[in-house]
Amino acid sequence: MKRLLKFSVLCFSLLGLGSTYAQEATPERQEWSFSGINGQYDKEQLRRGLQVYEEKCRACHGMKHLTFRTLTRSGGPELTEEEARSIANGYQFPEIQDDGQMGERDGTLNDSFISPYLNEREARYLNNGAEPVDLSYIVRARSYDRGFPQFLLDAFLPYTDQGADYVYALLTGYLPDDPELKANRYFPGGVINMPKPLNSGEIQWSPASQKAETEEQYARDVTAFLAWAADPALSERKQQGNYVMGYLAIMLGLLWILRRMKRRSLM
C-alpha cells in the first residue's frame with residue numbers, strides 16, 4: 001500500500017513538473033464571441049478578419065473549401081453580393097479557351113479562395129521546401145495539450161476553441177530578437193518556416209472602425225475569420241440546438257404531468 005501511495009505521488013509530481021516546464025509554450029485561453037452555447041460570430045470582426053486575410057494571408061495561402069458566395073450568408077461577414085463578387089474578381093482562375101489554349105478568367109461567387117500557386121511543387125520551391133497549408137479548416141485542425149489538471153476539467157466542461165487559441169498564439173508568438181523573424185515560442189521546435197506576417201500599423205481599418213490597428217488586433221480578427229471559415233453554419237446549428245433543447249424540455253414536462261395523472265388514476 002505504501003509503495004502504491006509513493007508511486008501515485010511521484011506520477012502526480014511529474015505531471016505537475018511537466019506542466020510547469022511547458023507553461024511558456026502553452027497558449028493562453030482567449031475570450032471569443034463565438035465561444036459557449038450561445039456564442040455568435042461578430043460580423044464586424046469577421047469583416048476585419050477578411051481584410052487581414054486579403055492583405056496578408058492570400059499571398060501564400062488559399063481556402064479551397066470556402067466559396068465567395070459563403071461570404072454573403074447570414075451569421076458570417078454578411079457581405080452583399082456585389083461586395084463578394086468584387087473580392088472574387090480579384091482572383092484569377094485557369095480556364096481552357098475556345099482555341100484549346102490555357103487562359104485565365106475572373107473569379108465568380110461559386111469559386112473558392114484559390115491557392116496562389118499553380119501546384120504543390122511550385123509552392124514548395126518558393127517557400128524553402130515547405131508547402132503553405134490550406135486555411136479552410138486550420139482552426140479545427142490545430143490544437144494543443146492543455147496540461148494537468150486542465151485536461152481533466154475538459155472531460156466535464158468541454159472547451160472547443162483550442163484551435164483558435166493556438167492560431168492566435170502562433171501569430172503573436174514570434175520572438176522580437178530573431179533577425180529572420182521565424183523563431184516562434186508556440187511552434188513545435190521553436191522555428192517556423194513562415195516569417196512574422198503581422199505588424200502594428202500595416203493594415204488600415206475603415207474610418208468607422210474603433211478598433212486599434214495593432215498586431216494583436218489583426219491576429220484576433222483574422223483568427224475569428226478563420227474560425228468562421230472552418231464552420232460557417234455554427235450560428236445556425238446553435239440556434240437549432242436551442243430549439244431542440246426547448247422541445248425536449250417541453251416534452252419532459254408533459255411526460256412528468258402524464259405520469260402524475262396516471263398515478264392519481266390508479267390510486
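Helices (H or I, at least four residues) and strands (E, at least two) are DSSP runs, numbered from the N terminus. The model is predicted: local features need pLDDT of at least 70, side-chain atom pairs count only at pLDDT 80 or more, and totals for chains, interfaces and linings use all residues. Residues are numbered from 1 along each chain as its sequence is written, and side-chain values use heavy atoms, with hydrogens and water left out.

Lys182 is found in the loop between helix 7 (162–172) and helix 8 (215–230). Lys182 is buried (under 20% relative accessible area; exposed is over 50%, partly exposed in between; 1.4 Å probe, protein chains only). It has no salt bridge (a side-chain nitrogen of Lys or Arg within 4 Å of a carboxyl oxygen of Asp or Glu). The nearest side chain of opposite charge, Glu180, is 5.0 Å away.

The structure holds 10 aromatic pairs (ring centres of Phe, Tyr and Trp, the last by its six-membered ring, within 6.5 Å; planes under 30 degrees apart are stacked, over 60 edge-to-face, the rest tilted). Two of them are tabulated.

| Pair | Centre distance | Plane angle | Class |
|---|---|---|---|
| Phe68 and Tyr91 | 5.2 Å | 55 degrees | tilted |
| Phe225 and Trp228 | 5.7 Å | 35 degrees | tilted |

Phe68 and Tyr91 lie in loops on either side of helix 3 (81–88), so their pair ties together parts that are 23 residues apart in sequence. Phe225 and Trp228 are 3 residues apart in helix 8, about one helical turn.

Definitions and conventions
Lys, Arg positive; Asp, Glu negative; His and termini not counted.
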